[in-house]
Amino acid sequence: MILHRSLSPFLLAASLVTLGLTLPNTASAQATGDDLPQITITDPNRNLLKLGIPNASGDAALATEASGIARRNFVLVGLFQVLNPVSFPPALQAEGLGFSSALWSQVGAQAVIKLEVVGGDQKTLKGRLYQTGRGDKATFAKDYRGGDLRMLVHVFTNDIIKELTGETGVFGSRIVFARPKRELMSVGMDGEHPAVHTNMRSDCLLPAYSPTGDRIAFTSYLSRTPDLWVVPSRGGRASRVSKREGMNTGAVFTPDGGSIILTMSFAGNAELYRIDAKTGAIQKRLTNNPGIDSSPAVSPDGSQLAFVSNRQGTPQVFVMPIGGGDAKRITFRGNYNQTPRWNPRKDKQQIAFTGRDEKGTFDVFVADLQKNEILRMTQNRKSNFDPAWSPDGRLLVYASSRGGLFVINPETLNEEHVWKGNARSPFWGPAPSLGQ
Amino acid sequence: MPEEKVVFRHASRSLSGGIVATVALHGGLVFLMYWSSRVEASPEPQVRELITTELVKLGKPRDKFWLPKISRPQRSRPVDAIKVADDPNAAPTPKDAPKPEDAEISDKLRSALSRARTLQDVDLEDDEEGQLTGSELGTASEARAGDEYATKVNLAIRANWNVPVGLIPDDQLAALTATVRIRIESDGSIKDAGMHKGSGNNTFDDSCMQAITATAQVPPPPAEVKAMWAKGVGIVFKK
């Protein structure tokens with residue numbers, strides 16, 4: 001009897017406990033996302049990021065100029081499809097620095113750049129980045145002040161590239177190049193602000209920036225022989241560094257800037273040497289064989305040297321230790337490969353070069369030493385040659401028989417014409433320091 | 001003795017009340033467990049894998065000695081089929097001349113031939129069984145409503161999903177997966193979109209959210225699956 005009396009409350013309590021454990025479980029099964037029905041979407045579209053850049057607001061003339069520079073910059077880096085502003089409805093143009101992700105999604109934008117310019121001696125550029133997947137708030141906002149509007153937009157562009165890729169852009173860097181029978185010249189990477197660096201009144205060939213960009217080494221026929229000269233990049237007198245008999249060509253600076261590696265033929269055959277960058281004194285002979293060795297290019301860590309040699313019959317690209325030694329051939333396809341240039345990125349073992357295909361056309365290729373493959377950059381666009389990497393290793397510049405210089409993004413193969421005059425042997429200078 | 005009877009009566013009353021309450025609670029428990037098992041057993045939308053093939057062109061292989069070419073995928077064009085009747089050079093189709101009935105063929109043989117033709121027609125009808133909205137490559141004769149609707153949602157969002165080339169290399173993309181949780185209203189509008197499980201790559205996650213924002217609206221869910229889809233759905237994005 002006592003047992004019966006105490007049993008019923010126990011049964012009730014046990015039932016309630018069991019009920020209590022069961023109900024929350026039922027509810028939580030619907031609360032967690034893993035238990036929802038799922039749809040798996042695969043095989044995405046792989047296009048450039050669709051970027052909207054509406055007309056800037058503020059001072060009308062400056063705003064138009066700033067919008068134009070920004071659109072050109074973002075097209076040039078080859079990562080963005082800049083949407084045609086004509087397709088933007090008035091509501092989007094009238095937003096100012098504000099933003100509606102729903103409206104911009106309707107015109108297909110994945111990201112939007114907004115600019116506002118305030119004029120005066122010291123201009124102010126207000127730059128904003130919006131991403132349609134992150135709501136209506138700016139994901140990057142910064143104001144810039146300075147006298148040169150183009151430079152302000154360049155700095156903003158570099159910041160946006162860093163925001164979207166994790167690595168800053170290199171707008172503000174310069175490209176030096178030769179012009180047949182004319183003086184050396186350089187332009188900004190957007191093709192603007194041209195500058196002439198020499199006054200030799202003779203052929204100036206194969207220019208190369210020093211690692212800090214303060215000097216340019218080149219070959220000149222001023223004395224009717226191909227001698228090596230160095231000129232300050234910001235103006236000043238050129239000095240002859242090597243005038244040895246025969247050729248003194250294809251110079252590149254070592255990463256410390258203290259030495260130059262070049263081809264010289266005073267000993268009878270064209271070989272690679274390392275010389276002092278100021279005095280021209282020979283520090284070391286790097287090659288010694290019956291073939292012609294030329295076009296040296298130093299690896300980003302300074303430990304290896306790529307060069308061209310015909311020691312196995314046809315001009316091919318070889319790699320050897322920076323101090324000389326056993327050379328390893330890296331190009332086995334095509335019978336005429338030349339002008340190698342190392343990608344400055346240490347995480348990418350890539351060498352760009354000029355190759356001739358079976359139709360006799362020169363085109364730009366990239367040899368990936370990690371993947372052991374060769375990638376073609378240009379095709380069916382006349383001849384393209386003499387590639388050089390941007391300082392961040394994201395872009396290549398090259399000369400073309402179409403006239404002038406072109407920049408290509410090796411990942412997207414997006415190509416842009418940056419200089420329309422005559423040009424040969426471009427060399428891309430170091431990244432700028434455009435602090436704000 | 002009378003006291004004992006009172007005690008027994010009280011005890012039996014409380015025992016029977018307890019048993020009734022316990023039975024009622026356990027009955028409720030059983031009902032709850034049955035109900036929850038019904039909810040969990042709801043049909044889940046399934047996504048079919050798409051399989052594509054490419055045919056190798058007929059021609060002479062290129063010598064591997066030469067430098068590589070840029071190969072771009074060519075869009076397939078529908079082949080213009082030439083009907084014999086439309087071909088001006090084609091010979092006219094011969095028409096069978098009517099033949100006189102053979103008196104030697106027995107009625108039984110004629111009946112057997114007629115039966116064979118009927119069976120052949122039945123076979124052809126079986127081969128073509130499917131749905132008017134189905135695919136030529138489909139294998140199922142019919143689809144459940146949930147499957148069909150999941151496919152519509154999949155196609156609508158995928159059309160707006162762009163993983164920017166150049167910002168995410170192919171080798172990185174292969175390892176990225178993100179799940180976005182959305183809710184689909186009865187009119188098909190997408191609400192309450194939020195990243196449920198990020199991939200760790202902001203650009204990839206942004207592309208997934210951008211796909212949802214750009215889609216905004218999908219076909220309205222059919223009545224039989226509306227309740228399930230209204231609770232929410234996980235959209236898994238991966239290469």
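This is a predicted model: local features need pLDDT of at least 70, side-chain atom pairs count only at pLDDT 80 or more; totals for chains, interfaces and linings use all residues.

Colleague: Okay, and which residues of helix H6 of chain B are buried?

Modeller: In that helix, residues 223–230, the buried ones are B:Val225, B:Met228 and B:Trp229.

Colleague: What puts them on the same side of H6(B)?

Modeller: The arc they cover around the axis is only 95°, so they sit on the same side of H6(B).

Colleague: And what comes after the helix?

Modeller: B:Gly232 follows H6(B), and its phi is positive, near 130°.

Colleague: Where does A:Asn55 lie?

Modeller: You'll find A:Asn55 in the loop between strands S2 (49–52) and S3 (57–58) of chain A. Skipping neighbours within four places in sequence, its contacts are A:Ala63, A:Thr64, A:Ser67, A:Pro85 and A:Gln93. From A:Asn55 to A:Ala111 it's 56 residues in sequence and 15 Å in space, C-alpha to C-alpha.

Colleague: How many residues does the largest nonpolar core have?

Modeller: It has 143, and A:Ala66, A:Ile260 and A:Leu396 have the most contacts inside it. Helix H5 of chain A, residues 149–165, gives the most to this core, with 8 residues.

Colleague: How do you know that this core draws on domain 1 and domain 2 of chain A?

Modeller: At least three of its residues come from each of them, domain 1 (49–165) and domain 2 (174–428).

Colleague: What is A:Ala66 in contact with?

Modeller: Again leaving out neighbours within four places in sequence, A:Ala66 is in contact with A:Ala56, A:Leu115, A:Val117, A:Leu125, A:Leu149 and A:Val153. To count as a contact, two C-beta atoms must lie within 7 Å.

Colleague: How many residues of domain 1 of chain A are in contact with domain 2 of chain A?

Modeller: 8 residues of domain 1 are in contact with 9 residues of domain 2. Helix H2 of chain A (residues 60–76) supplies the largest share of that side of domain 1, with 4 residues. By class, this side of domain 1 has 4 nonpolar, 2 polar and 2 charged residues. The centres of these two domains, taken over C-alpha atoms, are 36 Å apart.

Note on methods
Residues are numbered from 1 along each chain as its sequence is written. Chains are lettered from A and ligands numbered from 1 in the order in which they are written. A nonpolar core is a set of buried Ala, Val, Leu, Ile, Met, Phe, Trp, Tyr and Cys residues joined through C-beta atoms within 7 Å. A residue is buried if 20 or more other C-beta atoms lie within 10 Å of its own, exposed if 12 or fewer, and partly exposed in between; C-beta atoms are placed from the backbone. Helices (H or I, at least four residues) and strands (E, at least two) are DSSP runs, numbered from the N terminus. Domain bounds come from an automatic or database domain assignment. The arc is that of the directions from the helix axis to the C-beta atoms. Ala, Val, Leu, Ile, Met, Phe, Trp, Tyr, Cys and Pro count as nonpolar, Asp, Glu, Lys and Arg as charged, and the others, Gly among them, as polar.
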